[in-house]
Amino acid sequence: MLSIKNLHASIGDKEILKGINLEVKAGEIHAIMGPNGAGKSTLASIIAGNENYEVTEGEISLEGEDLAELAPEERAHKGVFLSFQYPVEIPGVSVTNFMRTAINETRKANGQDEMPANEMLKLIREKSELLEIDRKFLSRSLNEGFSGGEKKRNEIFQMAMLEPKIAILDETDSGLDIDALRIVANGVNKLKSDKNAIVVITHYQRLLDYIVPDFVHVLYNGKIVKSGGKELAHELEEKGYDWIKQEQEA
Ligand code: ADP
Ligand code: MG
Ligand code: MG
């Protein structure tokens with residue numbers, strides 16, 4: 001599904017990613033953990049095509065197709081989803097209407113016709129029921145006055161509707177209360193299938209009490225320095241990140 005080989009990336013003259021290798025197959029959930037400043041959010045942004053970073057070496061491909069030359073929207077249309085893709089507040093545009101437009105844009109980019117209105121309604125109903133999102137929420141203005149939990153709900157709803165091949169959820173370190181964690185975890189667990197893959201980026205182990213990853217990777221100083229199963233997350237919870245630092249600096 002997603003293949004990253006020897007990825008190096010910089011911003012200005014500062015190298016942030018220093019040779020990342022990661023293979024994510026369909027049906028898998030990967031967690032990327034690591035201390036603050038390790039490069040987790042940078043990695044997510046680069047996969048999604050953020051042009052503020054310069055990829056100096058290596059490659060990223062989706063189902064064998066090199067993503068290097070593709071703009072962020074093109075990557076999105078091919079099935080790359082990054083949380084917080086649409087953080088803007090759009091007064092007067094509801095959660096549902098925004099989603100309608102996004103879906104039809106994706107279809108257009110892939111040479112399909114607009115989704116018929118009744119099919120769209122059915123999809124919205126299905127996905128909102130699956131995620132226990134109520135109608136009132138769907139008619140609210142996008143992101144306007146959304147709480148942390150509501151932003152998460154919207155994000156997971158977008159993921160459910162767009163059915164990405166690879167979803168990258170960057171649970172940026174602080175500020176996620178237990179409700180928001182549950183919304184994310186519940187969404188991920190319900191949307192997981194053998195046709196998609198999910199990468200959850202998290203500083204804390206607690207999210208992984210609700211989402212059980214198949215693989216856990218530790219990113220430190222721009223490199224994946226350790227990979228393992230879900231037990232690695234527990235080990236990190238117990239021991240913190242200092243032992244990783246000590247190992248790396250020894
Ligand atoms: P994490 O998500 O693991 O906390 P980040 O990817 O946000 O780490 O940051 C990795 C490193 O890259 C940090 O040292 C950060 O200061 C630096 N960095 C990230 N984005 C930028 C940027 N736009 N400009 C300058 N430095 C950046
Ligand atoms: Mg950070
Ligand atoms: Mg981050």
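Which helix gives the most to the shell around ligand 1? I looked this up before anything else. Helix 1 gives the most, with three residues.

**Entry 1: ground rules**

I am working with a predicted model, where local features need pLDDT of at least 70, side-chain atom pairs count only at pLDDT 80 or more, and totals for chains, interfaces and linings use all residues. Residues are numbered from 1 along each chain as its sequence is written, while chains are lettered from A and ligands numbered from 1 in the order in which they are written.

**Entry 2: the whole protein**

I counted secondary structure and got nine helices and 12 strands. Helices (H or I, at least four residues) and strands (E, at least two) are DSSP runs, numbered from the N terminus. I then looked up the radius of gyration. The value is 18 Å, close to the 18 Å that the globule rule gives for 250 residues, so the protein is as compact as a globular protein of that length. The radius is taken over C-alpha atoms, and the rule is 2.2 Å times the number of residues to the power 0.38. Along the principal axes, the C-alpha atoms fill a box of roughly 60 × 40 × 35 Å.

Next I looked up burial. Of the 250 residues, 36% are buried. A residue is buried if 20 or more other C-beta atoms lie within 10 Å of its own, exposed if 12 or fewer, and partly exposed in between, with C-beta atoms placed from the backbone.

I also looked up contacts (C-beta atoms, placed from the backbone, within 7 Å). Among contacts with a separation of 6 or more, 72% join residues 24 or more positions apart.

**Entry 3: around ligand 1**

I went back to the ligand. A residue is near it if its C-beta atom, placed from the backbone, lies within 6 Å. The residues around ligand 1 include Gly-34, Asn-36, Gly-37, Ala-38, Gly-39 and Lys-40. Ile-11, Ile-16, Ser-41, Thr-42 and Asn-52 are also there. By class, I find three nonpolar, seven polar and one charged. Ala, Val, Leu, Ile, Met, Phe, Trp, Tyr, Cys and Pro count as nonpolar, Asp, Glu, Lys and Arg as charged, and the others, Gly among them, as polar.

I stayed in helix 1, which covers residues 40-48 and holds Ser-45. Is Ser-45 buried, partly exposed or exposed? Ser-45 is partly exposed, because it has 19 C-beta neighbours inside 10 Å. Leaving out residues up to four places away in sequence, Ser-45 touches Asn-50 and Tyr-53.

**Entry 4: the nonpolar core**

I looked up the largest nonpolar core next. Such a core is a set of buried Ala, Val, Leu, Ile, Met, Phe, Trp, Tyr and Cys residues joined through C-beta atoms within 7 Å. This one has 63 residues, and Ile-166, Ile-168, Val-184 and Val-200 touch the most other members. Helix 7 (residues 178-191) gives the largest share of this core, six residues.

I checked the contacts of Val-200. Beyond four places in sequence, they include Ile-29, Ala-31, Leu-169 and Val-188.

Then I checked helix 7. It has 14 residues and reaches 20 Å from its first C-alpha to its last, close to the 20 Å expected at 1.5 Å a residue. The expected span is 1.5 Å times one less than the number of residues. Ala-180, Leu-181, Ile-183, Val-184, Ala-185, Gly-187 and Val-188 are buried in helix 7. I noted a general rule here. An α-helix has 3.6 residues a turn, so residues three or four places apart point the same way. What do the buried residues of helix 7 pack against? They pack against helix 6 (148-162), strand 9 (166-171) and strand 10 (197-202).

**Entry 5: positive phi**

I looked for positive phi outside glycine. Asn-6 has a phi near 45°. Asn-6 sits in strand 1 (residues 2-11). With 12 C-beta neighbours inside 10 Å, Asn-6 counts as exposed.

Glu-132 has a positive phi too, about 55°. Glu-132 is in the loop between helix 4 and helix 5 (135-138). Glu-132 is exposed, with 11 other C-beta atoms within 10 Å.

I found Lys-122 in helix 4 (residues 117-130). Lys-122 is exposed because 12 other C-beta atoms lie within 10 Å. From Lys-122 to Ala-250 I get 57 Å, C-alpha to C-alpha.

I found Glu-231 in helix 8 (residues 230-239). Glu-231 is exposed, with 9 other C-beta atoms within 10 Å. Glu-231 and Pro-213 are 18 residues apart in sequence and 9.7 Å apart in space, C-alpha to C-alpha.

Note on methods: Two residues are in contact if their C-beta atoms, placed from the backbone, lie within 7 Å.
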